[in-house]
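Please consult the sequence and the structure shown here while reading.

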Amino acid sequence: MKKIVFLGILSAFMFSCGSKTEFYIGQEKLSKGLTLYQKGDYKKAKEELKNAIFKSEGLTPAQLMEARFALADSYYNREEYVDAIVEFEEFIALFPTSPKIPEALYKLAMSYMFVSPDYKRDLTYVNKAEEKAQEIIDSYPDSKYVAAAKEIIKKVNEIKAKHTLYIAETYEKYGKPYSAAVYYQEAYSKYKDYIQKDYVIYKLAYNLINSQYQYTHEIENYKQQIKELEKKIDQEKDLESKNVLINRKKLLEQQLNNLIERINNSKEKAKELIASFDKAFPESPYKQQMKNLENESKLQNLLKKLQF
């Protein structure tokens, strides 16, 4: 019995010593990590801070908050932006009321900008950067990081403008003028302050004028299908089957008319852009090109009349 009691006391003592050891190790690692962080030795600091956070015990919530921010910031200062993103996201989730949140959001936004690919590729990280920068402006309007957040959003819009124009130019390159016009219009509507306006208006008008070329084969295909259906309708004796063919023909005619209406509307929009161009951009180097578009539009109208 005495032996059992002795072993129990010994175990409790050893457990107590172990806990105290872990506590003191945590405090020691934190102190060492923060000292290295403050000295700018971020490589060694992050290792000590990780040990304090993840392998030790006894840190208070305030100490843990300080350690998590210092770890994220160490990654950021070492330009290890993917790890910085993970740690700043975690810090913001764990300590939403920390006074360090505006700085964390700013550095998180910058990290997303640094890891984002060029404007020709996916904009997921750019959108994330914009989201974090906007959160600073909306939630912390008195923060010293508001001006920097606005600069991030300005840079994001520059990238988005280039991305949108790249899509427009790609569609134009591959013979899809109507689709190109959609993106030139988007660039002008959303990113007017980040583009060369006269160039985009010229490109918009050019692609609208030529929108029919995107649908040449599709229109001919519809016309051929309608012609074939008309023959079948004339030959069909069964009333129910004939009605099915008639309904199919109506559907194809509606789709054909939709394309023709889209093309006509595009040309009318182009005429409006051409008519207002000189007044809007009197010094533009694209004035002659717009004049050429006007002549092309007139020629297209003449050819269309001759076809009838």
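## Basis and terms

The expected span of a helix is 1.5 Å times one less than its number of residues. Helices (H or I, at least four residues) and strands (E, at least two) are DSSP runs, numbered from the N terminus.

The model is a predicted one, in which local features need pLDDT of at least 70 and side-chain atom pairs count only at pLDDT 80 or more, while totals for chains, interfaces and linings use all residues. Residues are numbered from 1 along each chain as its sequence is written, and side-chain values use heavy atoms, with hydrogens and water left out.

## Overall fold

The protein chain contains 12 helices and zero strands. Of its 308 residues, 39% are buried (under 20% relative accessible area with a 1.4 Å probe, protein chains only; exposed is over 50%, and partly exposed lies in between). Among contacts (heavy atoms within 4.5 Å) with a separation of 6 or more, 60% join residues 24 or more positions apart.

Helix α9 (residues 197–209) packs against helix α11 (residues 239–280) at an angle of about 145°, and their axes are 8 Å apart. Here axes are lines fitted to C-alpha atoms, for helices over the stretch in contact, and angles run from 0 to 180 degrees between N-to-C directions. On the α9 side, the contact is made by Asp198, Ile201, Tyr202, Leu204, Ala205, Leu208 and Ile209; on the α11 side, by Ser266, Lys267, Lys269, Ala270, Leu273, Ile274 and Phe277. By class, this contact has 10 nonpolar, one polar and three charged residues (Ala, Val, Leu, Ile, Met, Phe, Trp, Tyr, Cys and Pro count as nonpolar, Asp, Glu, Lys and Arg as charged, and the others, Gly among them, as polar).

## Nonpolar cores

A nonpolar core is a set of buried Ala, Val, Leu, Ile, Met, Phe, Trp, Tyr and Cys residues joined through side-chain atoms within 4.5 Å. The largest such core has 45 residues, and those with the most contacts inside it are Leu30, Leu49, Phe88, Phe91, Ile92, Ile136 and Ile152. Two or more residues of this core come from each of α1 (2–39), α2 (42–54), α3, α4 (81–94), α5 (101–115), α6 (124–139) and α7 (146–173). Helix α5 gives the largest share, nine residues.

A second, separate core has 26 residues, including Leu165, Ala181, Val200 and Ile274.

## Helix α3 and the residues that follow

Helix α3 (residues 61–77) has 17 residues and reaches 24 Å from its first C-alpha to its last, close to the 24 Å expected. Its buried residues include Arg68, Phe69, Leu71, Ala72 and Tyr75. Not counting residues up to four places away in sequence, Phe91 touches Met65, Arg68, Phe69, Ser98, Lys100, Ile101 and Ala104.

Glu79 lies in the loop between α3 and α4. This residue is exposed, with a relative accessible area of 57%, and its phi is near 60°, a positive value in a residue other than glycine. Glu87, by contrast, is placed in helix α4 and is buried, with a relative accessible area of 11%. Leaving aside neighbours within four places in sequence, Glu87 is in contact with Arg68, Leu71, Ala72 and Tyr75.
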